[in-house]
Amino acid sequence: MFQKMVTGDGILKVTDISVKEECKARPPGLNTINLLKVASSALGIGPQIAMHLAERLYTQGFISYPRTESTAYPSSFDFRSALAALVHNPLWTNDVRALLDAGFVKPKQGHDAGDHPPITPMRLATEETLDTDAWRLYQYICQHFIGIASPDCRYMRTSIEFASGGEAFHCVGYRVTSKGFTSIMPWLAVSENNIPAFKKGDTVSIHKDIYEVWLVNLLTSHELTFYLGMKVLIVMVLH
């Protein structure tokens, strides 16, 4: 029935357009729990091994004390010196120089557990001076620290409402205007999805097959009454 209503109409009409700027906030300082989570889920390093590597990096003077619950830095922390210590690594030299030249952003307020500051790189290491897993863990700590001193990621969100055959449809597009911290932490980047420029009242012809997926939700209760809901997801190829 819904398919016939839409195909009988033959066009989609733009009924509403919403465009607004949104931002994705940079993360707070890095504590032990979050480091171990990232090591396990993203780096494939188990918690016990990751903690051993972090402690070794600490004793070698490459990072601060790795056992901390805090994600907030003290007001007196010298971010400029910490960033300057990382500037000569080619993997992130452009990001660090940009922060030192244009002005870094102090990290967002986090949680101060009253123990130790968040895990922070203290001096520059190279891939040659560390074994593979220790380098990967150190690299993440550096990227995280640079990220928390970077601006938020900003993007434009465009939402377009369509109507056809008495049915409503919508699509959403994202366009990044400032990468911010996702430049150094690309795995947290906003996925861009550019959609064509429309104006309210524009019409688009439906010119190819309509594919349908039927999603059936069946609800029953102990009283043996039921509610059957049928929803149709129609994917259209437009020109």
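The side chain of Thr93 has a polar atom 2.7 Å from the backbone oxygen of Val87. Thr93 itself belongs to helix H5, which covers residues 93-102. This is a predicted model. Its protein chain has a mean pLDDT of 84.

**Confidence**
- In the protein chain, 86% of the residues reach a pLDDT of 70 or more.
- Residues 209-239 are another matter: pLDDT stays under 50 there.
- For residues 209-239, the model has 53 contacts beyond four places in sequence.

**Overall make-up**
- The protein chain contains six helices and five strands.
- Starting at the N terminus, the order of elements is α-β-α-α-α-α-α-β-β-β-β.
- The chain has 239 residues, and 36% of them count as buried.
- Take the contacts between residues at least 6 apart in sequence: 73% of these join residues at least 24 apart.

**Thr93**
- Thr93 counts as buried because its relative accessibility is 16%, and the cut-off for buried is under 20%.

**Ser70**
- Ser70 sits in a loop, with helix H3 (47-59) on one side and helix H4 (79-84) on the other.
- Ser70 has a relative accessible area of 0%, so this residue is buried.
- A polar atom of the Ser70 side chain lies 3.4 Å from the backbone oxygen of His116.
- Leaving out residues up to four places away in sequence, Ser70 touches Leu30 and Asn31, then His111, Asp112, Ala113, Gly114, Asp115, His116 and Pro118.
- One of these residues, Gly114, is 44 residues from Ser70 in sequence. In space, the C-alpha atoms of Ser70 and Gly114 are 7.2 Å apart.

**The second largest pocket**
- The second largest pocket holds about 190 Å³ of space.
- It is lined by 14 residues, and the closest to its centre are Thr158, Arg175, Ile195, Pro196 and Ala197.
- By type, the lining of the second largest pocket has nine nonpolar residues, four polar and one charged.

Terms used: Residues are numbered from 1 along each chain as its sequence is written. This is a predicted model: local features need pLDDT of at least 70, side-chain atom pairs count only at pLDDT 80 or more; totals for chains, interfaces and linings use all residues. Side-chain values use heavy atoms; hydrogens and water are left out. Helices (H or I, at least four residues) and strands (E, at least two) are DSSP runs, numbered from the N terminus. Buried means under 20% relative accessible area, exposed over 50%, partly exposed in between (1.4 Å probe, protein chains only). A polar contact is a pair of N or O atoms within 3.5 Å; within protein, one must be able to donate a hydrogen and the other to accept it, and residues adjacent in sequence count only if both atoms are side-chain atoms. pLDDT is the predictor's confidence in each residue, from 0 to 100. Contact means heavy atoms within 4.5 Å. On a 1 Å grid over the protein atoms alone, a cavity is a set of points where a 1.4 Å probe fits but cannot get out, and a pocket is an open set with protein on both sides within 12 Å along at least five of seven lines; lining residues have an atom within 4 Å of a point. Grid points are joined across faces, edges and corners, and a volume is the space filled by probe spheres set on the points. Ala, Val, Leu, Ile, Met, Phe, Trp, Tyr, Cys and Pro count as nonpolar, Asp, Glu, Lys and Arg as charged, and the others, Gly among them, as polar.
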